[in-house]
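Q: Could you walk me through this structure, starting with the overall picture and then going into some details?

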Amino acid sequence: MPEVLIFALAWFAAGVGNGLAGFGAAMIAMPLVAGSVDLAIAVPACTLTVLTLNVQVAWIFRRHIRWDYVKEIGVGLIPGALLSVVVLKYLPETWLKVALGSFVAGYALWNLFLAGEAGERVVKNSWGYLAGVLSAAMGLAFGVNGPPMVAYIAYSGCPAKAVRGTIGAAFIVSGVIIVGAQFMTGLIHSTVITNFFVATPAVLIGSKIGIWISGFLAEAQYRKVLFLALFLMGGNIAATAILQ
């Protein structure tokens, strides 16, 4: 199967999954394309594609975005970018991935089985600063910036549409910073742009289908899907790091 077709199909599947849960496109697409596309191309193309996807998501749910949550994340992104450079000098990548993945998976399980009813406020906005720091640090270091932001926003107790819109807006802010850093370091070039142009239509179509399917889910069902996806994301990060 041609490399371009594999790339497009992977991002279509990622778009459907992202539309259903509100996040997770990169975690679905990257394992599917890693065997056929050089990671030096796949990672920056992934960042550009996810940024574009979240522009779509944020626009669809723009009236429900909680900008107070996005603001705290944005403030934490810049020190997080600096932190990623320092931390990687002293801590092994495997330790960081296992710690992040275990935290996210455990947090998701807590919400699935022990947390209060949907809509109950569990965390304060100020936790967004830490989410921003971790998001930028992990995004620049490993290309995975979603779990800290998603965990923070999902833990807010906001309604489903507010969660989706706020996650989309937060990803845009984070993505712009990460894409800027990749551009300045020469990681984005013509081949990356070509793969981005292939992935974008596929992921946007898939996302629309996923969002349409999610419209049939009640609020409680949506939150179960959200935290189950978060558990799988965290478990995948930790397991992949351990098995490397």
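This is a predicted model: local features need pLDDT of at least 70, side-chain atom pairs count only at pLDDT 80 or more; totals for chains, interfaces and linings use all residues.

Q: How many helices and strands does the protein chain have?

A: The protein chain has ten helices and zero strands, where helices (H or I, at least four residues) and strands (E, at least two) are DSSP runs numbered from the N terminus. Along the sequence, the pattern reads α-α-α-α-α-α-α-α-α-α.

Q: And what share of the residues in the protein chain is buried?

A: Of the 244 residues in the protein chain, 49% are buried, with buried meaning under 20% relative accessible area, exposed over 50% and partly exposed in between (1.4 Å probe, protein chains only).

Q: Among contacts between residues at least 6 apart in sequence, what percentage join residues at least 24 apart?

A: Such contacts in the protein chain join residues at least 24 apart in 85% of cases, a contact being heavy atoms within 4.5 Å.

Q: Let's turn to packing: at what angle do α1 and α9 pack?

A: Helix α1 (residues 3–21) and helix α9 (residues 190–214) pack at about 30°, and their axes are 6 Å apart. Here the axes are lines fitted to C-alpha atoms, for helices over the stretch in contact, and angles run from 0 to 180 degrees between N-to-C directions. The two helices α1 and α9 are therefore roughly parallel to each other, since angles under 35 degrees count as roughly parallel, over 145 as roughly antiparallel, 65 to 115 as roughly perpendicular and the rest as oblique.

Q: What kinds of residues make up the contact of α1 with α9?

A: The contact of α1 with α9 is made up of 15 nonpolar residues, seven polar and one charged; Ala, Val, Leu, Ile, Met, Phe, Trp, Tyr, Cys and Pro count as nonpolar, Asp, Glu, Lys and Arg as charged, and the others, Gly among them, as polar.

Q: Are α1 and α2 roughly parallel or roughly antiparallel?

A: Helix α2 covers residues 25–33, and its axis comes within 8 Å of that of α1, crossing at roughly 155°, and α1 and α2 are therefore roughly antiparallel to each other. On the α1 side the contact includes Ile 6, Phe 7, Ala 10 and Trp 11, and on the α2 side it includes Ala 25, Ala 26 and Ile 28. By class, the contact of α1 with α2 has twelve nonpolar, two polar and no charged residues.

Q: Where is Ala 25, and what does Ala 25 touch?

A: Ala 25 is in helix α2, and at 2% relative accessibility Ala 25 counts as buried. Not counting residues up to four places away in sequence, Ala 25 touches Trp 11, Ala 14, Asn 18 and Leu 53.

Q: Moving on, how many residues of α7 are buried?

A: Nine of the nine residues of α7 are buried, so α7 is largely enclosed by the rest of the structure. Among them are Gly 146, Met 149, Tyr 152 and Ala 154.

Q: How do α7 and α8 pack, and at what angle?

A: The angle between α7 and α8 is about 150°, and their axes are 10 Å apart. The contact involves Gly 146, Met 149, Val 150 and Ile 153 of α7, and residues of α8 including Val 163, Thr 166 and Phe 171.

Q: What sits in the loop between α7 and α8?

A: Ser 156 is found in that loop, between α7 (146–154) and α8 (160–184), and at 2% relative accessibility Ser 156 counts as buried. Ser 156 and Tyr 69 are 87 residues apart in sequence, and their C-alpha atoms are 8.8 Å apart in space.

Q: Last topic: how many salt bridges does a search of the whole structure find?

A: The search finds one salt bridge, defined as a side-chain nitrogen of Lys or Arg within 4 Å of a carboxyl oxygen of Asp or Glu. Asp 68 forms a salt bridge with Arg 66, and the closest N and O atoms are 2.7 Å apart. Asp 68 counts as partly exposed at 26% relative accessibility, and Arg 66 counts as partly exposed at 30%.

Terms used: Residues are numbered from 1 along each chain as its sequence is written. Side-chain values use heavy atoms; hydrogens and water are left out.
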